[in-house]
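Me: I have a chain open on my screen and I would like to talk it through slowly. Could we go over it together?

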Amino acid sequence: MTQARKGPRLPLSRQDEAILAGPWLSTQLGRKLRAAEAQTFGRMVYDEWVKTHPGTLPYTVRIDSSQKTAYLPEDLPLLHKALTRYTNSKSNQRIQTEIKGETK
């Protein structure tokens, strides 16, 4: 399921505060992300957003030629909640197994 529409543009005065879910996840995990990890995590963050901000969409920011969903520092609790959910997911467990297999 994809997001049907994009949220409002991030105000220019707050662009330096923008947090993109994929790079944030990569930093938290301390490694480059594998295929589809950013998308899976992004969906989990969005699901948390919908629970706490019904009827609204998160901000978007234009990067290169595409629009990305952006979160702000005040959304960090939401990102951490999604991170916990992600680290306990079957998707993450599968990737951890792959990584362990590659290091043997």
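Reply: What follows is a chat about this predicted model, going from the whole chain to single residues.

Me: How much confidence does the predictor give, as mean pLDDT of the chain?
Reply: The mean pLDDT of the chain is 90, and 95% of its residues reach 70 or more. Among the elements, H3 has the highest mean pLDDT, at 96, while H4 has the lowest, at 84.

Me: And what does the secondary structure come to?
Reply: The chain has four helices and two strands, and from the N terminus on these elements run α-α-β-β-α-α. Taken along the principal axes, the C-alpha atoms fill a box of roughly 45 × 30 × 25 Å.

Me: What share of the residues is buried?
Reply: Buried residues make up 33% of the 104 residues in the chain. As for contacts between residues at least 6 apart in sequence, 72% of them join residues at least 24 apart.

Me: Let's pick a helix. Which residues of H2 are buried?
Reply: In H2 the buried residues are Glu 37, Phe 41, Met 44, Val 45, Tyr 46, Glu 48 and Trp 49.

Me: Why does the distance between the ends of H2 agree with what a helix should span?
Reply: Helix H2 covers residues 37-52, which is 16 residues, and at 1.5 Å a residue it should span 22 Å; because its end C-alpha atoms are 23 Å apart, the two values agree.

Me: Now H1 and H3. At what angle do their axes cross?
Reply: The axes of H1 and H3 cross at roughly 65° and come within 11 Å of each other, and the crossing is right-handed.

Me: Which residues meet there?
Reply: From H1 there are Trp 24, Leu 25, Gln 28 and Leu 29, and these meet Leu 76, Leu 79, His 80, Leu 83, Tyr 86 and Thr 87 of H3. By class, this contact of H1 with H3 has seven nonpolar residues, three polar ones and no charged ones.

Me: Can we zoom in on Leu 83? Why does it count as buried?
Reply: Leu 83, which sits in helix H3, has a relative accessibility of 13%, and it counts as buried because that is under 20%.

Me: What is Leu 83 in contact with, leaving aside its neighbours within four places in sequence?
Reply: Leu 83 is then in contact with Trp 24, Leu 25, Gln 28, Leu 29 and Phe 41. With Leu 29, the separation is 54 residues in sequence, and the distance in space is 9.4 Å from C-alpha to C-alpha.

Me: Changing topic, what is the phi of Ala 36?
Reply: Ala 36 has a positive phi of about 70°, although it is not a glycine. Most residues other than glycine have a negative phi. Ala 36 is found in the loop between H1 and H2, and with 48% relative accessibility it counts as partly exposed.

Me: And Asp 64, where does that lie?
Reply: Asp 64 lies in the loop between strand S1 (59-63) and strand S2 (66-70), and its phi is also positive, near 55°. Asp 64 is exposed, with a relative accessible area of 76%.

Me: Last one, where does Gln 96 lie?
Reply: Gln 96 lies in helix H4 and counts as partly exposed, at 28% relative accessibility. Its C-alpha atom is separated by 18 Å from that of Ala 82, which is 14 residues away along the chain.

How values were computed: Residues numbered from 1 in each chain as written. Predicted model: local features only at pLDDT ≥ 70, side-chain atom pairs only at ≥ 80, totals over all residues. Heavy atoms only, no water. Expected span 1.5 Å × (residues − 1). Buried < 20%, exposed > 50% of the residue type's maximum accessible area, 1.4 Å probe, protein only. Axes fitted to C-alpha atoms, helices over the stretch in contact; angles between N-to-C directions. Left-handed = near helix turned anticlockwise from the far one by under 90°. Contact = heavy atoms within 4.5 Å. Nonpolar A, V, L, I, M, F, W, Y, C, P; charged D, E, K, R; others polar. pLDDT = per-residue confidence, 0-100.
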